[in-house]
Amino acid sequence: MSVAHDRRYVLTLGCPDRPGVIARISSFIAEFGGSIVEAGYHSDPETGWFFTRQAIAADTVPFGPEDLRERFAGIAADLGSETGWQVHDSGERRRAVLLVSRDGHCLHDLLGRAASGELPATIEAVIGNHADLAAMTEAHGVKFHHIEFPKDPAERGPAFEQVRALVDAHEPDAVVLARFMQVLPPELCEHWTGRAINIHHSFLPSFVGARPYHQAFARGVKLIGATCHYVTAELDAGPIIEQDVSRIDHADDVRDMVRQGRDIERVVLARGLRWHLEGRVLVHGRRTVVFS
């Protein structure tokens, strides 16, 4: 949001559910005259947790985001030591770094969305383990870094260290595996917890790993899909942000499925990334609450 009056302070919170949580947060905001322009709530009876996302018009808050965080810290403490919360200022520039391989459809889509202002972030850099997508990236004025990965997975440690150094230099809010086709080592998954986002070309948890469209074709499925999820050390098993599907029939071969699947991948990744950047995704264990 680039227009000043559209600037928002977004408060997200998760805590053990109990009576009075909503009233406590609302009273806190009302005390300084804050105007809530968007609010979402979810109470999960299975886990006993409560989740909320509150968007406050920044021009109704008589102090800055740091003061807001400092003041709300006391409220969060009163709600219990397990409370997790954040305050995001939509006026602060958000940053993303993309990791790619040879398939360019997701990269091209995200570069276009960023250039048109549809993606609420600046793409700081693109890192590829092949150089195929360098020209496409640089045509959008974004720096491309090529890092050669050895064929032997056991020898890829130094390459991943280069990736980590390049990514961390930008302090990104999101590290996007836009069809990177490499399995991040556990230490990188841990280092980028809650920021590393992957697009998997399958409707998880079905058909994990490589060549999911070939697996789907062999099983004769009638729906194919794509899944945007956070990256964890367990392959393709991180908390799911967004999914979508497309119907196919017996006449479609693997090439048809790949073509249709790419369309779904673009939309699902862009949607999931935007929700992440806007603070709409709250993670609790292996599940997510998404205030879309």
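How are α1 and α2 oriented to each other, roughly parallel or roughly antiparallel? The first legend takes up this question, after a note that applies to every view.

The model is predicted, so that local features need pLDDT of at least 70 and side-chain atom pairs count only at pLDDT 80 or more, while totals for chains, interfaces and linings use all residues. Residues are numbered from 1 along each chain as its sequence is written, and side-chain values use heavy atoms, with hydrogens and water left out.

**View 1. Packing of helix α1 (residues 21-31) on helix α2 (residues 65-79).** The two axes cross at roughly 160 degrees and come within 11 Å of each other; axes are lines fitted to C-alpha atoms, for helices over the stretch in contact, and angles run from 0 to 180 degrees between N-to-C directions. α1 and α2 are therefore roughly antiparallel, given that angles under 35 degrees count as roughly parallel, over 145 as roughly antiparallel, 65 to 115 as roughly perpendicular and the rest as oblique. Val21, Arg24, Ile25 and Phe28 of α1 make the contact with Leu68, Arg71, Phe72, Ile75, Asp78 and Leu79 of α2, where contact means heavy atoms within 4.5 Å. By class, this contact of α1 with α2 has 7 nonpolar, no polar and 3 charged residues; Ala, Val, Leu, Ile, Met, Phe, Trp, Tyr, Cys and Pro count as nonpolar, Asp, Glu, Lys and Arg as charged, and the others, Gly among them, as polar. Helices (H or I, at least four residues) and strands (E, at least two) are DSSP runs, numbered from the N terminus.

**View 2. Packing of helix α3 (residues 105-116) on α8.** The axes of α3 and α8 are 9 Å apart and the angle between the helices is about 45 degrees, and the pair is therefore oblique. On the α3 side, His105, Cys106, Asp109, Leu110 and Arg113 meet Arg262, Glu265, Arg266, Leu269, Ala270 and Leu273 in α8. By class, the contact of α3 with α8 has 5 nonpolar, 1 polar and 5 charged residues.

View 3. Arg280 is buried, its relative accessible area being 10%; buried means under 20% relative accessible area, exposed over 50% and partly exposed in between (1.4 Å probe, protein chains only). The side chain of Arg280 makes polar contacts with the side chain of Glu38 at 2.6 Å and with that of Glu278 at 2.7 Å. A polar contact is a pair of N or O atoms within 3.5 Å; within protein, one must be able to donate a hydrogen and the other to accept it, and residues adjacent in sequence count only if both atoms are side-chain atoms. Leaving aside neighbours within four places in sequence, the residues in contact with Arg280 include Arg53, Trp275 and Phe291.

**View 4. Positive phi at Arg179 and at Asp236.** Most residues other than glycine have a negative phi. Arg179, however, has a phi of about 65 degrees; this residue lies in the loop between β8 (174-177) and α6 (186-191) and is buried, with a relative accessible area of 6%. Asp236, with a phi near 55 degrees, lies in the loop between β10 (223-230) and β11 (240-247), and Asp236 is also buried, at 13% relative accessible area.

**View 5. Phe50 in strand β3 (residues 49-57).** Phe50 is buried, with a relative accessible area of 4%. Phe50 and Cys15 are 35 residues apart in sequence, yet their C-alpha atoms are 5.5 Å apart in space.
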